[in-house]
Amino acid sequence: MGSSYPTVDDIIQHGAPPEWLPFVIIGSAIVFCLIVLDIFVVIKHKKYSTRYPIQFLCVVGILQVFPVYACLNLVGIVVPRASDFTVFMSESYEAITFILFMRLVFTYMGGKKIYKQHVEGDKIHLNLPPCCCFVCLPQISISKCFFI
């Protein structure tokens, strides 16, 4: 039971199928432009974030989402058998980005302790979209058990 997808060895020996060529060229150009634009944004952002270095690192990590996704998707298009690996890597980077976003929020609020004190006792309404019709859902108060 052979797979219809070419292997990396097939692509290296015989080259990519000719019908892929326009898509690979356009995709490579888009990825290149995205990386150049991202480098420009990081350089411009550097002068505004001199107070906390962790803030700059978090923002740069969050800004790298699109170039990382673009590069991994281009690899997944050119080498179809690597699509499982590229999906795994992009999902892993998305998880890292969520952690960086939470760290950035804590940095803006003045730290974890101050953030906990600020939101402790607040109520979260669970009847928001898409569950807005469930008016019987309770309100949850934020306590220390919400934070790790």
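**A close look at the helices**

Tutor: Let's start with helix 2 (residues 21-46): its 26 residues should span 38 Å at 1.5 Å a residue, and the 37 Å between its end C-alpha atoms agrees with that. Here the expected span is 1.5 Å times one less than the number of residues. Helices (H or I, at least four residues) and strands (E, at least two) are DSSP runs, numbered from the N terminus. Keep in mind that this is a predicted model, in which local features need pLDDT of at least 70, side-chain atom pairs count only at pLDDT 80 or more, and totals for chains, interfaces and linings use all residues. Residues are numbered from 1 along each chain as its sequence is written, and side-chain values use heavy atoms, with hydrogens and water left out.

For orientation, the protein chain has six helices and two strands, and from the N terminus on they run α-α-α-α-α-α-β-β. Of its 148 residues, 24% count as buried. Buried means under 20% relative accessible area, exposed means over 50%, and partly exposed is in between (1.4 Å probe, protein chains only).

Back in helix 2, the buried residues are V24, G27, V31, D38 and V42. Their packing partners are helix 3 (53-63) and helix 4; contact means heavy atoms within 4.5 Å. When you look at such lists, remember that an α-helix has 3.6 residues a turn, so residues three or four places apart point the same way.

Now follow the chain to helix 4 (residues 65-78). Helix 4 has 14 residues and reaches 20 Å from its first C-alpha to its last, close to the 20 Å expected. Its buried residues are V65, P67, A70, L72, L74 and G76, and what covers them includes helix 2, helix 3 and helix 5.

How do two helices meet? Two packed helices are described by the angle between their axes and the distance between the axes. Axes are lines fitted to C-alpha atoms, for helices over the stretch in contact, and angles run from 0 to 180 degrees between N-to-C directions. The axes of helix 3 and helix 4 cross at roughly 35° and come within 4 Å. G61, I62 and L63 of helix 3 make this contact with V65, F66 and P67 of helix 4. By class, these residues are five nonpolar, one polar and no charged. In this scheme Ala, Val, Leu, Ile, Met, Phe, Trp, Tyr, Cys and Pro are nonpolar, Asp, Glu, Lys and Arg are charged, and the others, Gly among them, are polar.

Zoom in on G76, in helix 4: it counts as buried because its relative accessibility is 14%. Its C-alpha atom is 8.3 Å from that of V87, 11 residues apart along the chain. In the loop between helix 4 and helix 5 you find R81, which counts as partly exposed at 47% relative accessibility. R81 and T7 are 74 residues apart in sequence, with C-alpha atoms 6.6 Å apart.

Next comes helix 5 (residues 83-109). Buried in helix 5 are T86, S90, Y93, T97, L100, L104, F106 and T107, and they pack against helix 3, helix 4 and helix 6. Take S90 as an example: its relative accessible area is 10%, so it is buried. Leaving out residues up to four places away in sequence, S90 touches Y69 and L72.

Just after helix 5, G110 takes a positive phi of about 105°. Then comes helix 6 (residues 112-119), which packs against helix 5 at an angle of about 80°, with the axes 8 Å apart. The two are therefore roughly perpendicular: under 35 degrees counts as roughly parallel, over 145 as roughly antiparallel, 65 to 115 as roughly perpendicular and the rest as oblique. V105, F106 and M109 in helix 5 meet K112, I114, Y115 and H118 in helix 6. This contact has five nonpolar, one polar and one charged residues.

Finally, a word on cysteines. C58 is buried, with a relative accessible area of 0%, whereas C71 is partly exposed at 31%. With a disulfide taken as a pair of cysteine sulfur atoms within 2.5 Å, the count comes to zero.
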